[in-house]
Amino acid sequence: MNERRDPRLTIRMASGGTIVFQLCPRWAPNACASVIALARAGAYDGMGIERIVPGFVVQPRYLDEGRPDLDYFIDGEFAANGFGGNPPVTKGMVAMAGDGQSFSSGSCFFIALGDHARLAGRFTAIGRVVEGWDEVERLENVALEPVDTGMEAVVNRPVTPEIMERVTVDTFGADYPPPAILRRAY
């Protein structure tokens with residue numbers, strides 16, 4: 001990645017910690033455009049970390065929030081959907097949630113805490129953590145409580161809320177178009 005040109009997303013946690021992602025639009029131009037647009041609009045500000053699965057993922061948003069600005073899907077930019085050039089999701093990578101077959105969430109990203117073969121080619125990688133891995137590890141180790149979603153996926157949320165106080169993006173002067181939305185969730 002060209003660290004001087006690729007956008008950087010900075011998450012300032014209410015805890016005082018910071019996590020920085022280096023986005024990589026050449027891997028996933030539409031997914032990166034979506035995250036950039038949402039960060040610029042302040043859509044992630046004040047959002048809680050809703051899913052932590054130690055050894056697997058830290059994920060801000062998982063459950064339905066009923067927010068039209070966040071509840072939309074985009075085409076999955078990954079091999080299983082016929083999209084080339086997107087790398088496997090491995091430890092430290094940031095990727096978009098989705099069905100693992102054809103679409104990605106337009107807003108819901110996760111940080112991979114390990115290398116998991118089942119994610120390869122099925123989720124849209126958008127970048128990697130370049131600063132603040134200590135904060136990611138802190139999140140991975142907070143006290144958790146299970147959430148019954150009626151779904152097969154494991155969902156644990158922090159007992160004490162973990163809030164992304166402010167999320168900003170620096171595009172280093174580059175313009176990014178609004179995302180192409182596949183469909184709204186509702």
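Colleague: Which strands do the buried residues of α2 pack against?
Modeller: This is a predicted model. Contact here means heavy atoms within 4.5 Å. By that test, the strands that meet the buried residues of α2 are β1 (8–13), β2 (18–23), β4 (51–53), β5 (57–59) and β8 (103–112).

Colleague: Which residues of helix α2 are buried, and within what arc do they fall?
Modeller: Helix α2 covers residues 133–140, and its buried residues are E135, V136, L139 and E140. An α-helix has 3.6 residues a turn, so residues three or four places apart point the same way. Seen down the axis of α2, the buried residues line one face, because they fall within an arc of 145 degrees.

Colleague: What does F21 touch, leaving aside its neighbours within four places in sequence?
Modeller: Beyond its sequence neighbours, F21 is in contact with P7, R8, L9, I11, V94, F109, I111, R128, V129 and V130.

Colleague: Is T171 buried or exposed?
Modeller: T171 sits in the loop between β12 (163–170) and β13 (183–184). Leaving aside neighbours within four places in sequence, T171 contacts R5, P7, I36, R40 and Y176. Its relative accessible area is 7%, and buried means under 20%, so T171 is buried.

Colleague: Which backbone oxygen does the side chain of T171 reach?
Modeller: T171 is a buried loop residue. At 3.0 Å, its side chain reaches the backbone oxygen of A174.

How values were computed: Residues numbered from 1 in each chain as written. Predicted model: local features only at pLDDT ≥ 70, side-chain atom pairs only at ≥ 80, totals over all residues. Heavy atoms only, no water. Helix = DSSP H or I, 4+ residues; strand = E, 2+ residues; numbered from the N terminus. Buried < 20%, exposed > 50% of the residue type's maximum accessible area, 1.4 Å probe, protein only. Polar contact = N/O pair within 3.5 Å; in protein donor to acceptor, adjacent residues only side chain to side chain. Arc of directions from axis to C-beta.
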